[in-house]
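Got your viewer open and ready?

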Amino acid sequence: MGRQSPLPPAAAALLWGFLLPLTAAQEAILHASGNGTPSLSKDYCMLYNPHWTSLPSTLENATSTSLMNLTTTPLCNISDIPPEGIKNKAVVVQWGTCHFLEKAKIAQTGGAEALLVANNSVLFPPSGNKSEFLDVNILIAFINHKDFKDMKQTLGDNIIVKMYSPSWPDFDYTMVVIFVIAVFTVALGGYWSGLIELENMKAMTNTEDREMKKKKEEYFTFSPLTVIIFVVICCVMMVLLYFFYKWLVYVMIAIFCIASAMSLYNCLAALVRKIQCGQCTITCRGKSIEVRLIFLSGLCIAVAVVWAVFRNEDRWAWILQDILGIAFCLNLIKTLKLPNFKSCVILLGLLLLYDVFFVFITPFITKNGESIMVELAAGPFGNNEKNDGNLVEATAQPSAPHEKLPVVIRVPKLAYFSVMSVCLMPVSILGFGDIIVPGLLIAYCRRFDVEIGSSIYYVSSTIAYAIGMILTFVVLVLMKKGQPALLYLVPCTLITASLVAWRRKEMKKFWKGSSYQMMDHLDYATNEENPGTAEISEK
């Protein structure tokens, strides 16, 4: 689906290479309770390798184990085992001094049940080779050092732990939500673009309306050259964001706030203007302004400001981001105009190559083997999210540890509302580009339909987009790896539109665009040069 940002194999190996190549980490729950006070308990997140050790799926089936704190001991030699022994204990050790697999071997020799490695950055341990320690079979897991300190402060020194890994639901409802949002946005954006086109065509018959339309241009038209320049700019911005993320992320957040607030206003103002009541106005410098639109602009600004302030509040900020994101996509689909199918093919084709390159090719170029697109979509530099069962990670950076680019639709998974919420927030994401880019084609199809008095192009391309999304989901589930949605959406929509045009014997007209648009520009030029002649001709 768009990029729901699961980890590609190369990056998974980087993150969990110390366990098994091409194996992603899996979260589990460490249920801790005070010894003698079972009512006082708390859950913490830990990471382990299910290919090494299996854990029960429920708390009831988990085995109680006493926790022993050995964080002050390196546990790199047998002599580091305390005199009282560690038999049947879950041992907590500090990261460092020697390889954690050596610690695990010593802990197993002492009879320990599990080795918990406390690390300040639990997600970024260095790689290792398990083949050198094939006889190590105790549970090895990583916990955050801050969580361990909290555990001691909350529960004391005598702690009993149970470790289990809840199973994920078979059905991922977020796919349905993402599907509905995407199809609704492209369909509504295309339909809106068609309404504006219809108004423009009606204005062609009236000189006064035509001049008003000219002064209030609804579209920004892409020429083939503009399309190429746009794609080049996208590539440059992607590379700049990758190398200067910790600074540019705030620039992107500011741009998103401004653009999304304006987009939300444009979307809601179109609805408000349909309401006949409450149309009182005030006059300022000779211009009449509706009072309700002033309040509406304040509301839109407030929504953007609230999101900007609380954007890292994972519990509910995603709702505001999705609302602003949908408005942003709608406004762009309505505003950006591809004048013909030729421009559509160039734009979608180039962006398809762009998407595939930054998802599949860049892991072979980057030093950490990570896809640039996945990193930026999920939020690199300490931003870690779990998507589709795979952990997304990037090189840790001290700056901007929680900032993510606001360029995606985000929907939390069911696990977010369960005990697994103590781990990294599991979400599904879809990039704005996976909505806007095919949406521009659907908008062109709708405008072409308006010209020829049909709806076949708009309906068929919207259905093709829905099929492309479903195909993306299927591949996503089968491969369990993030997919560049344009890889499926672009062929589905372009091929469908081409087949419809070919079947209706309108390919030449569809390829070159609506002829009335060319006449429209010629009429404007004629009116400017010979206004008197234009009036006579209309009479």
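Buried means under 20% relative accessible area, exposed means over 50%, and partly exposed is in between (1.4 Å probe, protein chains only). You're looking at a predicted model, where local features need pLDDT of at least 70, side-chain atom pairs count only at pLDDT 80 or more, and totals for chains, interfaces and linings use all residues. Residues are numbered from 1 along each chain as its sequence is written, and side-chain values use heavy atoms, with hydrogens and water left out.

The structure holds five salt bridges; each is a side-chain nitrogen of Lys or Arg within 4 Å of a carboxyl oxygen of Asp or Glu.

**Stop one.** Select lysine 42 and aspartate 150, whose side chains form a salt bridge at 2.8 Å, N to O. Lysine 42 belongs to strand S2 (residues 37-48) and aspartate 150 to helix H3 (residues 145-155), 108 residues apart. Helices (H or I, at least four residues) and strands (E, at least two) are DSSP runs, numbered from the N terminus. Lysine 42 is partly exposed at 33%, and aspartate 150 is partly exposed at 23%.

**Stop two.** Now pick glutamate 197 and lysine 337: their closest N and O atoms are 4.0 Å apart in another salt bridge. This pair joins helix H4 (residues 173-203) to strand S11 (residues 336-337) across 140 residues. Buried or exposed, what is glutamate 197? Glutamate 197 is buried, at 1%, and lysine 337 is buried at 6%.

**Stop three.** Finish with glutamate 451 and lysine 509, a salt bridge at 3.8 Å. Glutamate 451 is buried at 17%, while lysine 509 is partly exposed at 37%.
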